[in-house]
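Welcome, and please get your viewer ready. We will go from one selection to the next, and at each stop you will find a short note on what is there.

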Amino acid sequence: MKKLTSCMAVMLALCMLVSGAMACSAIYVGSALTSDGTTFFARSEDLSNSRNKVMYVSPQGNHTAGEEYVGCYGFTYTFTHDSYAYTAFRDDNLDGVDFVCPNCGGTHAHTPYEAGGTNEKGVSVSATETLGGDDALLALDPYEDCGIEEAEITTVILSEAATAREGVELILSIYDNAGCNAGAGIFVADHSETWYIENVTGHQYVALRMSDCAVFSEPNMSIIGLIDLDDENVIASPDLIATAVKAGTFVGDADANVIDYRASYNASQTANARLKSALAYFNAAYQFADTEPDPALYCLTNVGEDGAIVPLHTGIELEHAYGIADVVGYYKIPGIGKTGNLETHIFQIASEHGLTDTVEWVAIDDASCNVFVPFYPMLTRDVYAACKVSTAKAAFVEEEPTEGVYYATTTTRRDAEGTRVSVPGFKVLPANWADSYYWSVDAVSNMVAYGELGEDVNSAVLARLDGRQQEVYAAFEEMKAAVAAAETAEEMAEIATKASMDMQSGVHALMVKLMEMISRVK
């Protein structure tokens, strides 16, 4: 395969790497705002370009009752029962790296960073959107070194919780006691309710039971606004208001038990480019390129104009009712879909209770140059083999390679005086990239982004991917009908597992074929 070079490519790669760091983006659309009455919530896991991610099913009993889980950074938890089976993504630590956690270097045996997934009971978790709090609050309620870290939230909740409410109570009890290692925005849901939680200091938090009339975008920003804590759909830490009052940052009405959470805990926050891009996607009237949007537009509130408690909502008005294609489209808009995406998970949940009430739509690597594939996670027994392939890391070299798949980029190193300096070079994909679902998408994505293929070629590649996405939508309808016609749960699982694996196999084959086409162009 041919190279990706040029000074422009170097600059673009550097910009994408920097902007991708901790640049996850979430979305929520309540059932009253969707075309089929389902609820959508989703998150892209963003960190850096070319960092392998694997998808798999964690088997029932992977963790056992009484087992102590010890995370990367000091958090411990004792499982109360054998763990439920669940779908998951995690950083590459399978056979290619001898089960060594790539985050802490394998200081001890443990399950490394798991992102979103759904367990056999129908509890879905998306964790996490990294958030930070203002210094005055962190001085009073600092993060805990041995508190729970985002790498551990999915593992603990999906292993333990049989309902969304159980999952919420569990994570909040951990915040109350052990605290958290860093701030986050988290979704926990099942067929009956979806919860959104924000915490930006060690022990203070707000958990909201979402209404069906709310919509929001959350790109690493606090989006909980004016909240009446007396609402039965709200759970807040006991000292939430008192901590802000002591810090001198409180905004709200303490006597009425009302707090503007964003203004009290993140007053220094301004809207980032991703939020502005998302607002324009929701409604073309929301144009804020050179201005700051009013937090009242994008922040959640349950306080009406007369001060009474009302259903949670933002000021955002969608231009039309949303379906899966609209949520997929959200992850292709500028700044949200990018080479820094590791994976993106979209949960589509119906209110009817059953093995098919939750659909998990998955894209591995760059969401903007990809195809989202659906799963019935409660029926999924395995995933396509290429999604589980462990590989060597992508290598950074300063001299241009003579073969393989690579692209121009930069890294930082310390010079002889200890100063960090930028070093230009090339990122080289593993030799067996074509065996891996992640790396095959990563190769195509980086060619489109940095390969100087020309507009015609780029458009042709994206058109092929869009065409496959339409085929996947049609295949899902066939999968849905076949599962509905099955007579037993085991037959349903067999049909659903095979259908999703076949769809992923088709996407993988297309990515490899596109790389062959690109190599001929270059």
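Is arginine 209 buried, partly exposed or exposed? At 28% relative accessibility, arginine 209 counts as partly exposed. Here buried means under 20% relative accessible area, exposed means over 50%, and partly exposed is in between, with a 1.4 Å probe and protein chains only.

Before you click further, note that this is a predicted model, in which local features need pLDDT of at least 70 and side-chain atom pairs count only at pLDDT 80 or more, while totals for chains, interfaces and linings use all residues. Residues are numbered from 1 along each chain as its sequence is written, and side-chain values use heavy atoms, with hydrogens and water left out.

**Stop 1: glutamate 193 and its partners**

A salt bridge is a side-chain nitrogen of Lys or Arg within 4 Å of a carboxyl oxygen of Asp or Glu. Arginine 209 lies in strand β11 (residues 206–209) and glutamate 193 in the loop between β9 and β10, so this pair ties together parts 16 residues apart in sequence. Helices (H or I, at least four residues) and strands (E, at least two) are DSSP runs, numbered from the N terminus.

Glutamate 193 is buried, at 11% relative accessibility, while arginine 165 is partly exposed, with a relative accessible area of 33%.

**Stop 2**

Two strands pair if DSSP finds at least two bridges between them.

**Stop 3: helix α3**

Select residues 150–160. How many of the residues of helix α3 are buried? The count is 11 of the 11, so the helix is largely enclosed by the rest of the structure. Among the buried residues are Glu150, Glu152 and Glu160 as well as Ile153, Val156 and Leu158. At the start of α3, look for a side-chain oxygen of glutamate 149, which reaches to within 2.7 Å of the backbone nitrogen of alanine 151.

**Stop 4**

Move to strand β23 (406–414). An open sheet of three strands has the order β22-β24-β23, with antiparallel pairing. Because β22 and β23 stand at the edges with a single partner strand each, one side of each is left without a neighbour in the sheet. The twist averages 45° from one strand to the next. Nine bridges join β23 to β24 (residues 420–428), and arginine 413 stands opposite valine 421 in β24.

Show the side chain of arginine 413 and that of glutamate 398. They form a salt bridge, with the closest N and O atoms 2.5 Å apart. Glutamate 398 sits in the loop between β22 (395–397) and β23, 15 residues away from arginine 413. Both ends are partly exposed: glutamate 398 has a relative accessible area of 48%, and arginine 413 is at 37%.

**Stop 4: serine 390**

Next, select serine 390, in the loop between β21 (373–375) and β22. Serine 390 is buried, with a relative accessible area of 9%. Its side chain makes a polar contact with the side chain of aspartate 92 (2.6 Å).  A polar contact is a pair of N or O atoms within 3.5 Å; within protein, one must be able to donate a hydrogen and the other to accept it, and residues adjacent in sequence count only if both atoms are side-chain atoms.

**Stop 5: a salt-bridge network**

Finish by selecting Glu45, Arg51, Lys53 and Asp91, which are linked in a network of salt bridges. A search of the whole structure finds 11 salt bridges.

How values were computed: Axes are lines fitted to C-alpha atoms, for helices over the stretch in contact, and angles run from 0 to 180 degrees between N-to-C directions.
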